Amino acid sequence: MDHAAVIEILDRDGHCRELHKVRAWPVRIGRSPEADLVLSDPHLAGLHALLHWAEDGPRLNLLDSQNGGWFDGERVAAGESRVWSSLSTVQLGTTRLRLRTALDPLMPERLLPRADEPVRRDARPAWALPALLAVWLLMLWVVNWSGSDASASWVDAVSGVLAPLGVALIWAGLWALVTQLFRHWFAFGAHLWRAMVASVLLQAVDLALPLLAYAFSWPRLMALEGLTLTVVGAVLLWWHASVVWPRAQRRLAVGIGAMAIVGLVLTVGRRTEQQYWLGPNYLSALPPPSLRLAEPKPVDGFIESMQSLEAPLKRQALKRNELESGSGDEE
């Protein structure tokens, strides 16, 4: 009677490394090409063992050899035989074998963990990346044009656009090389897309915050500039890293989030010494007056509000004088 069976070649940890289906009984095992299961093991004879189906089940007969074999660590000499159940591990030479037959109970199917699911690569329309790149370059040109005067040369205007573009291309190229190293996928487009999304978002914030702060007279709104830069930078770093190591997204989020919080706290501490928290309460360049929506304040009220700055400025000047005099003494 024919019985379906497979012979598994195990690694040192007991995991299946290779699998051979038994297509006919008996099965000759050895190094010879005449064997039904040929094993590349110099410690085996040409025909080392014979596996056949007996009345009591599959039985392994050890043929003429110098090394014999082992059943679950028990030495079996050449010429002896043992019943080979699915619970037993056989070692012939240095090769460990396990037999599974159709009569053995089959383990139930395991649910596939999310970490082992295939990772889908980025899928977006072909026009999305060029369109986003064009929007970003246009925003860069607008920022450079608005911050320059009529005396600026065309070289300065072009450099203000091409320099950030070169940095973005190099940034995406380095991430693509890392992805090629770990995932064998040169994901230049995926990383460039992420860099463009973050750059457009930061550029939009850089354009919108001063306009809103000026229009509604909300100077502290500029505090969001430093916060946005930290948050978007952390998200961008995680977004890039999730392409390289997609199965460690949660751990990456925790680590990068912790670094972002530490960096934000250090930024707040450093800027507190400079007498403001997350951002300055003034604008170095003012938008057109037509965008001003807040009611103007009287000149007298503005002068009175400036008096509150007298005491902090005096303390800062005194502190600076003390530092300068101390450094002079040391010299």
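Mentor: First, a term. Helices (H or I, at least four residues) and strands (E, at least two) are DSSP runs, numbered from the N terminus. This is a predicted model: local features need pLDDT of at least 70, side-chain atom pairs count only at pLDDT 80 or more, and totals for chains, interfaces and linings use all residues. Residues are numbered from 1 along each chain as its sequence is written, and side-chain values use heavy atoms, with hydrogens and water left out.

Trainee: Over residues 126-145, how far apart are the end C-alpha atoms?
Mentor: UniProt, in an unreviewed entry, lists 126-145 among its "transmembrane region" spans. Its positions are given in the numbering used here, feature names are shortened, and annotations may be inferred rather than shown by experiment. In the model this span is 90% helix and 0% strand. Its end C-alpha atoms are separated by 30 Å.

Trainee: Which strands are the edges of the open sheet of five strands?
Mentor: Two strands pair if DSSP finds at least two bridges between them. The order is β4-β3-β5-β6-β9, with mixed pairing. An edge strand pairs on one side only; here the edges are β4 (37-38) and β9 (81-83).

Trainee: Which residue in β6 stands opposite His 52?
Mentor: Strands of a sheet pair through backbone hydrogen bonds, either parallel or antiparallel. Strands β5 (residues 49-54) and β6 (residues 57-62) run antiparallel, joined by six bridges. Opposite His 52 stands Arg 59.

Trainee: Is the peptide bond from Trp 25 to Pro 26 cis or trans?
Mentor: Pro 26 sits in the loop between β2 (16-22) and β3 (27-30). Omega for the bond from Trp 25 is near -5 degrees. The bond is cis.

Trainee: Is Asp 72 buried or exposed?
Mentor: Asp 72 lies in the loop between β7 (69-71) and β8 (74-76). Its phi is positive, about 55 degrees, although it is not a glycine. Buried means under 20% relative accessible area, exposed over 50%, partly exposed in between (1.4 Å probe, protein chains only). Asp 72 has 51% relative accessibility, so it counts as exposed.

Trainee: What is the relative accessibility of His 184?
Mentor: His 184 falls in the loop between α2 (154-183) and α3 (188-216). It has a positive phi of about 55 degrees although it is not a glycine. It counts as exposed, because its relative accessibility is 64%.
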